[in-house]
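Here's a quick briefing on charged side chains and how they pair up. Take a look at the model first, then read on.

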Amino acid sequence: MVKNPRKRQKTGKPQHKTVPLGADLRNDTSKDDEERRLENLLFGVPYAPEKAGKEILVVSDEEVEDGPHEVGREFENLLDSDLFFVDDNAGLSGLSKAAQDHVQSDADDDEEPIIPEVPGSDEDEEISVIHQEIPQQPQKTKAPAWTDPDDVNVQVSLASNNRLRKLRDAPSDDTVGGREYERRLRRQFEHINPTPDWASIARKKRERGKRRRSSVSGSESGEDVVPELLASTAGILATAKSRIIPPSTLSIERLRDANQAAPADGEIKTVAFHPSPHIPVLLTASADRRLRLFHIDGLTNPHAQTLHVPSLPITNAVFHPSGTSILMTGPRPFYYTYDLQSGASHRSPRGLWGTTFSSGRGDQGASMEISSFNPTGDILAVAGRRGQVHLVDWRSGAAQVVGELKANTNVKSLWWSKAGTDELLGLTEDSQVYVWNIGQRKCVKRWQDEGGFGSRLFGGDSQGKYLTVGSNTGLVNVYNAESTIDLEGGKPKTLKTIGNLTTSISTLQFNHDSQLLAIASNDKKDQMRMVHCPSLTAFGNWPTSSTPLGHVTSVDFSRESEYLAIGNTRGRVLLYQLRHFSQQ
């Protein structure tokens with residue numbers, strides 16, 4: 001009887017086959033993730049997490065010698081539930097599909113970075129397409145946290161609660177709804193806590209930006225802007241109108257010294273800002289015969305350049321009205337000019353003034369300290385000895401004297417009138433003010449300063465509104481600039497006499513919009529005042545007794561009055577920021 005082969009296989013002697021180490025690693029039904037990770041590190045078996053093993057089939061590239069009955073036996077130890085999985089891609093939303101397409105497109109872009117151009121397309125069309133596709137994607141907008149739908153149904157009694165009576169618009173108001181109650185609370189809060197200046201300025205700038213963008217995008221609004229631009233002579237990039245400064249308080253802040261990067265070794269003789277608002281450069285001239293230029297940024301104020309003039313003790317240095325050069329004068333019968341563009345310095349030719357100017361006794365006979373450019377920079381007026389005023393032609397470049405004016409006594413100060421045309425005013429030692437017409441080369445008017453004694457210097461503003469005369473007693477007379485050159489009128493009357501200082505006036509300086517006037521004296525320490533020109537009153541909050549001004553020798557405002565520079569005898573140039581103008 002033939003035995004059953006199955007029984008012979010069971011009852012037969014078991015045959016042990018040599019199994020290499022790691023050959024049965026594919027049977028991982030009873031292994032956890034940590035064991036699989038360890039096998040991956042030791043034997044190089046591909047690692048698949050337990051959850052992912054139900055969905056991902058790991059195929060090994062190793063060749064295994066299988067017998068004829070062992071083909072496909074790698075799945076014999078898996079459960080039926082592990083052999084199948086459900087594909088859920090059909091249930092994905094349109095947004096997830098778009099996200100997958102976006103990921104797939106990113107992968108394609110990484111493989112092929114060169115994108116062919118589409119004919120007839122440009123950058124504007126691509127941007128417009130992007131803006132059209134974005135709204136199609138569903139976006140979940142979250143409601144504000146302070147919105148409560150029950151507020152509509154709330155009824156609040158304003159008369160029954162003592163704290164809420166202030167919210168009533170009339171004595172008869174009693175019950176209001178939730179929305180109205182919220183509106184009145186907000187109104188009361190804004191009344192107690194007004195909007196700060198920085199927030200109002202930011203809102204105005206944002207509104208102007210929106211209007212500007214809308215005017216550019218809209219054709220109709222763009223057409224409305226063109227007539228306004230053509231009807232005005234102001235620049236397109238002109239700044240807004242100056243803010244009105246209150247007469248009670250001056251908002252000012254001290255910054256790092258303007259010349260801290262290169263301090264002077266002696267007294268500061270003069271400080272001057274560049275006439276262009278786009279060039280933040282400050283000029284300082286000191287007693288060490290050096291002229292220094294600084295780039296004023298309010299933070300570090302870096303030093304730009306130093307010019308040493310050994311043969312000229314610089315007592316006065318000014319920018320040319322065009323801003324292209326610097327004029328340096330002192331107690332010598334010559335001057336120096338420095339070209340800012342080329343960096344070259346030139347000395348005036350010898351024999352410029354002739355024997356009548358350079359000869360004679362006295363320091364004033366050989367001095368060019370008292371000089372002034374006309375508003376256009378074509379003529380330079382220089383005060384000489386015995387009441388003579390020389391007119392130098394600056395336009396030709398040869399610096400030749402083209403005319404002379406005459407006063408009865410020595411001239412102590414010169415100023416070109418902004419209220420008229422071709423009028424030069426000179427203040428003499430006997431407090432007489434001469435008005436010369438440059439075209440006619442003669443004096444057309446003469447009047448006596450109020451008080452009539454000790455007048456030292458005078459000057460006006462760039463707007464042609466005021467003329468101030470400072471005296472040795474500390475009094476400053478303020479006149480209407482038009483009345484000083486009016487030929488038909490008589491002696492001009494003072495608008496006010498400012499008596500806040502008691503020593504000789506050495507500095508008079510207006511800001512760019514004629515709202516501020518700085519007066520100072522170098523005879524005494526901390527002798528400086530800021531005057532509010534519309535009211536002709538001095539500010540009480542600045543400077544104070546603790547303001548470290550020292551002996552003030554020179555004062556100047558920047559072109560847009562953002563900064564105030566003050567030079568003193570210690571070789572320092574104090575720098576202050578005027579917040580009224582810096583926040584425009």
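R254 is partly exposed, with a relative accessible area of 37%; partly exposed sits between buried (under 20%) and exposed (over 50%), using a 1.4 Å probe and protein chains only. This is a predicted model, where local features need pLDDT of at least 70, side-chain atom pairs count only at pLDDT 80 or more, and totals for chains, interfaces and linings use all residues. Residues are numbered from 1 along each chain as its sequence is written, and side-chain values use heavy atoms, leaving out hydrogens and water.

**Salt bridges**
- The structure has 12 salt bridges, each a side-chain nitrogen of Lys or Arg within 4 Å of a carboxyl oxygen of Asp or Glu.
- R254 pairs with D257, their closest N and O atoms 3.4 Å apart.
- D257 counts as buried because its relative accessibility is 11%.

**Around D169**
- D169 bridges to R187 at 2.9 Å, N to O.
- D169 is in the loop between β1 and β2 and R187 is in helix α5, so the pair ties together parts 18 residues apart in sequence. Helices (H or I, at least four residues) and strands (E, at least two) are DSSP runs, numbered from the N terminus.
- D169 also forms a salt bridge with R184, with 3.4 Å between the closest N and O atoms.
- R184 is buried at 7% relative accessibility, while D169 is partly exposed at 48%.
- D169, D173, E180, R183, R184 and R187 are linked in a salt-bridge network.
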